[in-house]
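This report covers a sheet, the helices around it, and selected residues in both.

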Amino acid sequence: MTQNNYKFAITGGIGSGKSTVAEILRRQGFAVFSCDEIYKALLCDKKFLNKISREFDGVLCADGSLNRNKLAEIVFADKSALEKLNAITHPAIMEEVFKKAEGHKISFTEVPLLFESGYEEFFDGIIVVLRNEEERIAAVAQRDGLDPQTVVLRIKSQFNYDNCNFAKYYVIHNDSNLGDLEQKIAEILKKINGMMGIHE
């Protein structure tokens, strides 16, 4: 961190509302990045794909693109394989995040696997978005066209946000309407401004 470069992460479980929070901040004019979007861009980089293909044989299509279904089959059936993939993808993604953040006094990045990947200390602050499980299940089922049982399995396989102490982070309970969510974000921005020495 430098005095003129504050980086904040937005994280939370699947279906918690991370992307909605990110979009609200983006509409307010902040620099907002997405690890998912950066990963999609990296999948067009031949050097990055070659790193993956050297570790996982047979995951490239004939045209050189990544067969994401094949890769998913491998890594979700073998925890050590998933760890190997994360060791390739996470550093590459975060490198791009920090490149994009340069030149912005304040930036926000949506980081789905922040705590799992151990990158929380690389940010000046973290916004944790929490939401009750029933609403998360319904939101993901509708968004991705999945049955609720499949969504439950995905939630159970992820970091457990329900039994953690987030006292040192900015916590948003996404448990009402959009207006309420916007108000909670406004309150967090006031705290961030105070931390940065900006007084309204």
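Contact here means heavy atoms within 4.5 Å. By that criterion, and not counting residues up to four places away in sequence, Leu 71 touches Tyr 39, Ile 52, Phe 56, Val 59, Leu 66 and Leu 85. The model is a predicted one. Leu 71 lies in helix 4, which covers residues 68-75. Because buried means under 20% relative accessible area, Leu 71, with a value of 3%, is buried. Between the C-alpha atoms of Leu 71 and Ser 176 there are 37 Å, and the two residues are 105 residues apart along the chain.

Five strands make up an open sheet with parallel pairing, and their order is 2-3-1-4-5. The edges are taken by strand 2 (31-34) and strand 5 (170-173); each has a single partner strand, so one side of each lacks a neighbour in the sheet. From one strand to the next the twist averages 20 degrees.

Strand 4 (residues 125-130) pairs with strand 5 in the parallel sense over four bridges. Within this pairing, Val 129 stands opposite Ile 172 of strand 5, and Val 128 has Val 171 of strand 5 as its bridge partner. Strand 4 also pairs with strand 1, again in the parallel sense, over five bridges. Here the bridge partner of Ala 9 is Ile 126 in strand 4.

How many residues of strand 4 are buried? Six of the six are, so strand 4 is largely enclosed by the rest of the structure. The burial covers both faces: Gly 125, Ile 127 and Val 129 are buried on one side, and Ile 126, Val 128 and Leu 130 on the other.

Ser 107 belongs to strand 3. Its relative accessibility is 1%, so Ser 107 counts as buried. Apart from neighbours within four places in sequence, the residues in contact with Ser 107 are Tyr 6, Lys 7, Phe 8, Ala 31, Phe 33 and Ala 101.

**Helices on the sheet**

Strand 4 and strand 5 pair over four bridges, and helix 9 (residues 178-195) packs on the sheet, where it touches strand 1 (6-12), strand 3, strand 4 and strand 5. The direction of helix 9 makes about 175 degrees with that of strand 5.

**Helix pairs**

| Helix pair | Angle | Axis separation |
|---|---|---|
| Helix 7 (residues 133-144) and helix 8 (residues 148-157) | about 120 degrees | 9 Å |
| Helix 3 (residues 46-55) and helix 5 (residues 79-101) | about 170 degrees | 10 Å |
| Helix 1 (residues 18-27) and helix 9 | roughly 65 degrees | within 11 Å |

Helix 1 is therefore roughly perpendicular to helix 9, and helix 1 passes helix 9 in a right-handed crossing. Helix 1 contributes Thr 20, Val 21, Ile 24, Leu 25 and Arg 27 to the contact, and helix 9 contributes Leu 178, Leu 181, Glu 182, Ile 185 and Leu 189. By class, seven nonpolar, one polar and two charged residues take part in the contact of helix 1 with helix 9.

How do helix 3 and helix 5 run relative to each other, and what is the reason? Angles over 145 degrees count as roughly antiparallel, and helix 3 and helix 5 are therefore roughly antiparallel to each other. Helix 3 passes helix 5 in a right-handed crossing. On the helix 3 side the contact is made by Phe 48, Lys 51, Ile 52 and Glu 55, and on the helix 5 side by Lys 84, Leu 85, Ile 88, Thr 89 and Ala 92. This contact of helix 3 with helix 5 has five nonpolar, one polar and three charged residues. Ile 52 and Leu 85 are also among the residues that Leu 71 touches.

Helix 7 passes helix 8 in a right-handed crossing. The residues in contact are Glu 133, Arg 136, Ile 137, Val 140, Ala 141 and Asp 144 from helix 7, with Pro 148, Val 151, Val 152, Arg 154, Ile 155 and Lys 156 from helix 8. Sorted by class, the contact of helix 7 with helix 8 has seven nonpolar, no polar and five charged residues.

Definitions and conventions
Residues are numbered from 1 along each chain as its sequence is written. This is a predicted model: local features need pLDDT of at least 70, side-chain atom pairs count only at pLDDT 80 or more; totals for chains, interfaces and linings use all residues. Side-chain values use heavy atoms; hydrogens and water are left out. Axes are lines fitted to C-alpha atoms, for helices over the stretch in contact, and angles run from 0 to 180 degrees between N-to-C directions. Helices (H or I, at least four residues) and strands (E, at least two) are DSSP runs, numbered from the N terminus. A crossing is left-handed if the near helix is turned anticlockwise from the far one by less than a right angle, and right-handed if clockwise. Ala, Val, Leu, Ile, Met, Phe, Trp, Tyr, Cys and Pro count as nonpolar, Asp, Glu, Lys and Arg as charged, and the others, Gly among them, as polar. Two strands pair if DSSP finds at least two bridges between them. Angles under 35 degrees count as roughly parallel, over 145 as roughly antiparallel, 65 to 115 as roughly perpendicular and the rest as oblique. Buried means under 20% relative accessible area, exposed over 50%, partly exposed in between (1.4 Å probe, protein chains only).
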